[in-house]
Amino acid sequence: IEGVVVKAQLIRREADRFVVDVANAPAAIGKDGIELLERAPGVWVDDEKISINGKSGSKVYVNDRELRMEPAQLLTYLRSLRADDIQKIEVVPTTGADYDADSSGGIIRITLRKRRENGMEGSLSVDSRLGRWVRSVNPRARVNYHSGRLDLYGLAWFNLETDEFESDENTRYTSGSNSLEAHSEKFERDRNFGASFGSVYEINSRQSVGAEFEYWRNREKGPNDSYTDFTAEEGVTRTDSRYDNFTARNNYSLTFNYIWKIDSLGSTFKVLGDYAHRNTGIGHRNRSLTTGEGLAAAVDSLYRDRTRSSYDVAALTLALEKNFSPRWSLKTGAKYTRNEMRNDALYEYSDEGAWVRNDDQSFVINYTEHITAAYGVVTANLGRWSLVAGLRGEYTHTYGRNDVGQDYFSLFPNANLSWQLSKERGHSIVAQYARTIERPRFWCLTPQRTQISDYTYQTGNPLLAPAYKQDISLTLVLGHRYTLTAGVELQKDEINQTIRADKDNPDMLGIHWVNFDNTKTWYASVSLPFQPTKWMQLNIQANYMRRGQRLDQHAPESFQNILMANAATTITLPANFFIDLSYSYQGRVELGNVAVKPMHLAHAAIKKRFGERFTLTCKVANLTDSPQRIEAKGEGFVRNLRCRQTWCSRSYVIGLTYNFQAGKAFRQRSIEAGAAEDKGRM
């Protein structure tokens, strides 16, 4: 036999997920993890988040462990992964009952390929980004070591970045002739560092134990200078301000697991223990000078605040997966989680040279939450039919939050039913249903008041309630790769932000976290991956939503249409050169009384691989160099805002990755965590 040609489907649909076989995709050569995700069905990536079908709260797992990083660090890590590192990517739009009920945005699972036997492998990489609004350097190192039954691995990264932000604001007060014009410039220095170390020891062929420690530190510091011209009947008043901001966060977590492979069919029993801690210090020192017509004398205000917060998450998970045959399996388990939040905020103002406590804004809030859960999931593969169905029950008890306690029990059913229309041609229909919950993130519950500009501030809400969501969808899959999904998402008490006039000063606007009464979203999404030639790959995705929202119980329901689309192509050239081009569009989006106007983003990159060790990348991001435009309408005001910042402005990126290895092939083990969703609320 002179040769064998194996043709494998790049994308296939299973009962509850899409699977992208990166290892069998020649077009994936030269790409990093972000570029691969951009081409996965239903996955949307921008410089702020990763989402599935436009839904918020999507999570990313690597080798069964969630990447618990800030958005910027998560994107940096995924960019450092090469296609050669990845075996497959799984996109799960609707999670099953074996995941926490607040995994409402779906999950992305990345499985890494085999590595080295009794040896070491790893990578060193660095990239730098330069633009009018950003300057950054991001070095990173990763190493894995295997010897006999022992696996050791480590990761360290730095993020040294300077960001600038500029905004222009116009507000018209509809109750009279008042108006304001404002301009703000923010300069911020970020110094971030993270490291993790883990070990897995195989006791015997069926039992293993593992532990991992992770630390992450963040420092942000910089001034925000602004001026505002306020026009009233008395004349024009000018306010010049400087807001000095400092934020310091220290995070560490410890994960332990024990895994027992019960039988030869792959059945397992797991014990997962997790603990995570974060302490945060935030400080502001603000000074404003107000002059103008109608004032007898200039008004000079000096005030400051300091907030100290700490968060603790502890969880214990027991999980059993029993495979009765290749067709039938059962997952069952139980989990207990304890979340604790403590906040102490001091607000002061200067009065004749002495600092005086502002009792109206200072606060001490402690919040404790206990969640107990149990679940069961059945998986069946019956010829052309596939089923994944489960039920999760969660009991939640909370106290604190301004002495408001909560006790509630909820059931969260989930079902995925798939029918193959043509097994040979890869045509199938998939129906999905899930009920989930969204609990407020910890920082949304903190009533800390942060002054953004002279007439705008932001604050949290300790009385936020959890939001419940039901998602029903139907997906048509053609040829394993072309997909069309249609569905509806019904949500009660959606957690979002709204802008309203301050009760004590109607000229001041506050951005508040609130619960909307209910929202209803009809959606349709399509994914069309093409390969016109051997040297070109094109992927087109589009998502349409008709969103209806009622902000409070007695308000009328309003509707809007939202369109998002993106296209990405990779051109393979001789001598291991690659050209990547991408474009994305987001139409007008209205959330509450805030509207984000349409956005266009385009990127271009060229890559060169030198053998199997080096990859050089040069990229121009955000070719359109367009500002973001936001409009807010509320009782008594209309505000328009124009912003220029890092993620929507043109910048230039250059990166270099070096991969090293020694030894024979092996599969790297990793630590599985059980409190990933809980830690995400930090």
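Visitor: What makes the pair D300 and R287 a salt bridge?

Guide: This is a predicted model. The closest N and O atoms of D300 and R287 are 2.8 Å apart. The cut-off is 4 Å between a side-chain nitrogen of Lys or Arg and a carboxyl oxygen of Asp or Glu. The pair therefore counts as a salt bridge.

Visitor: Which parts of the chain does this pair tie together?

Guide: D300 lies in strand β16 (residues 299-323) and R287 in strand β15 (residues 268-292). The parts joined are 13 residues apart in sequence.

Visitor: Why is D300 called partly exposed?

Guide: Its relative accessible area is 45%. Buried means under 20% and exposed over 50%, so D300 falls in between. R287 also counts as partly exposed, at 45% relative accessibility.

Visitor: Are R142 and E121 buried or exposed?

Guide: R142 has a relative accessible area of 9%, and E121 has 6%. Buried means under 20%, so both labels read buried.

Visitor: What about R135 and E164: what is the distance between their closest N and O atoms?

Guide: The distance is 2.9 Å, and the pair forms a salt bridge. R135 sits in strand β10 and E164 in strand β11 (residues 150-173), 29 residues apart. R135 is partly exposed at 30%. E164 is buried at 19%, because the cut-off is under 20%.

Visitor: Why is T485 called buried?

Guide: The relative accessible area of T485 is 8%. That value is under 20%, so T485 is buried. T485 is found in strand β26 (residues 482-492).

Visitor: What makes T485 and T475 a polar contact?

Guide: Their side chains are joined at 2.9 Å. The limit for N or O atoms is 3.5 Å. Beyond four places in sequence, the contacts of T485 include L474, Y523 and S525.

Visitor: Why are β23 and β27 called edge strands?

Guide: The open sheet has the order β23-β24-β28-β27, with mixed pairing. β23 (450-453) and β27 (495-501) each pair on one side only.

Key:
Residues are numbered from 1 along each chain as its sequence is written. This is a predicted model: local features need pLDDT of at least 70, side-chain atom pairs count only at pLDDT 80 or more; totals for chains, interfaces and linings use all residues. Side-chain values use heavy atoms; hydrogens and water are left out. Two strands pair if DSSP finds at least two bridges between them. Helices (H or I, at least four residues) and strands (E, at least two) are DSSP runs, numbered from the N terminus. Buried means under 20% relative accessible area, exposed over 50%, partly exposed in between (1.4 Å probe, protein chains only). A polar contact is a pair of N or O atoms within 3.5 Å; within protein, one must be able to donate a hydrogen and the other to accept it, and residues adjacent in sequence count only if both atoms are side-chain atoms. Contact means heavy atoms within 4.5 Å.
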